[in-house]
Amino acid sequence: MNTQDEIFKKIEGDMWFDRNKDKIGAEESLSSDLTIKLIELYNLKPKKCMELGCSNGWRLDEIYKRIKCECIGIEPSKKAVEDGRKKFKNIYFFNSTADSVPLDDESVDLVIINFVFHWIDRKTLLKTVYEIDRTLKNNGYLIIGDFYPDYPIKVKYHHLLDEDVFTFKQNYADIFISTSYYKMIAFLSGHHETHKLTTDANSNSRMMQVLLQKNINLTYQIKTL
Ligand SMILES: C[S@@+](CC[C@H](N)C(=O)[O-])C[C@H]1O[C@@H](n2cnc3c(N)ncnc32)[C@H](O)[C@@H]1O
């Protein structure tokens, strides 16, 4: 049986790109993009930025235009990477899933993962979390965009009803925060489809965009037992 990651590598990554290539990177998606808003608001100036599940790299291209940092995109869709390599010469692409990142330890200042965690196979979820933490420098930033339901839910993926593919909606920032060495810097909540900031989207379509900072020297309270 194919894993969910293999299905994205073989077919669904390309199919998602074919369905969305005219929308992504268009003026409207750039101006409403909450990742770019957070970078702007917090005046982030990374030297090296990596986006996991970056599609054709449209967001990295905008970041490169603004900050001129080194940009690395990881994406399983061959079509998206092919398109990005033609259009965006300043972005370095790897055709891979997020659980296998060919970069050195602590080599990146900013990691972005936007609406990708919910499609990652549960067997490689923690490996992906490890890859983010391994490659992110101490004091570096992590931006996560994803669904933000009242409680974790698993929804059958409507584009591939014959396959065992699911959307896993849950709060992925919590995984990092529970380590006690990632702290929340900013939290935005909105509507998944419109990307409008609102607090009253229903649980199924509510999304969040969070900015976290890694600090392995966060002070622990020392207690003698
Ligand atoms: C909803 S799209 C979002 C694309 C992009 N992040 C954006 O904000 O426009 C999800 C993307 O994640 C990719 N993807 C799916 N599974 C992945 C995995 N295991 N690792 C990395 N990317 C994955 C898909 O191919 C697709 O490009």
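**Working through the sheet and its helix**

Four bridges link strand 2 (residues 70–74) to strand 3, and the two run parallel. Strands here are DSSP runs of E, at least two residues long, helices are H or I runs of at least four, and both are numbered from the N terminus. Two strands pair if DSSP finds at least two bridges between them. This is a predicted model: local features need pLDDT of at least 70, side-chain atom pairs count only at pLDDT 80 or more, and totals for chains, interfaces and linings use all residues. Residues are numbered from 1 along each chain as its sequence is written.

**Exercise 1.** Find the residue in strand 3 that stands opposite isoleucine 74, then work out which strands stand at the edges of the sheet.

*Solution.* Start with the pair: isoleucine 74 faces phenylalanine 94. Next, read the strand order of this open, mixed sheet of seven strands, 3-2-1-4-5-9-8. Strand 3 (91–94) and strand 8 (182–191) each have a single partner strand, so one side of each lacks a neighbour in the sheet.

**Exercise 2.** Work out which strands helix 6 touches, and list its buried residues.

*Solution.* First, the contacts (C-beta atoms, placed from the backbone, within 7 Å): helix 6 packs on the sheet against strand 1, strand 4 and strand 5. Then go through helix 6 (residues 125–135) for buried positions: Thr128, Glu131, Ile132, Asp133 and Thr135. Buried takes 20 or more other C-beta atoms within 10 Å of a residue's own, exposed is 12 or fewer, and partly exposed is in between, with C-beta atoms placed from the backbone. Last, the cover over these buried residues includes strand 1 (48–52), strand 4 (108–114) and strand 5 (136–147).

Note on methods
Contact = placed C-beta atoms within 7 Å. Axes fitted to C-alpha atoms, helices over the stretch in contact; angles between N-to-C directions.
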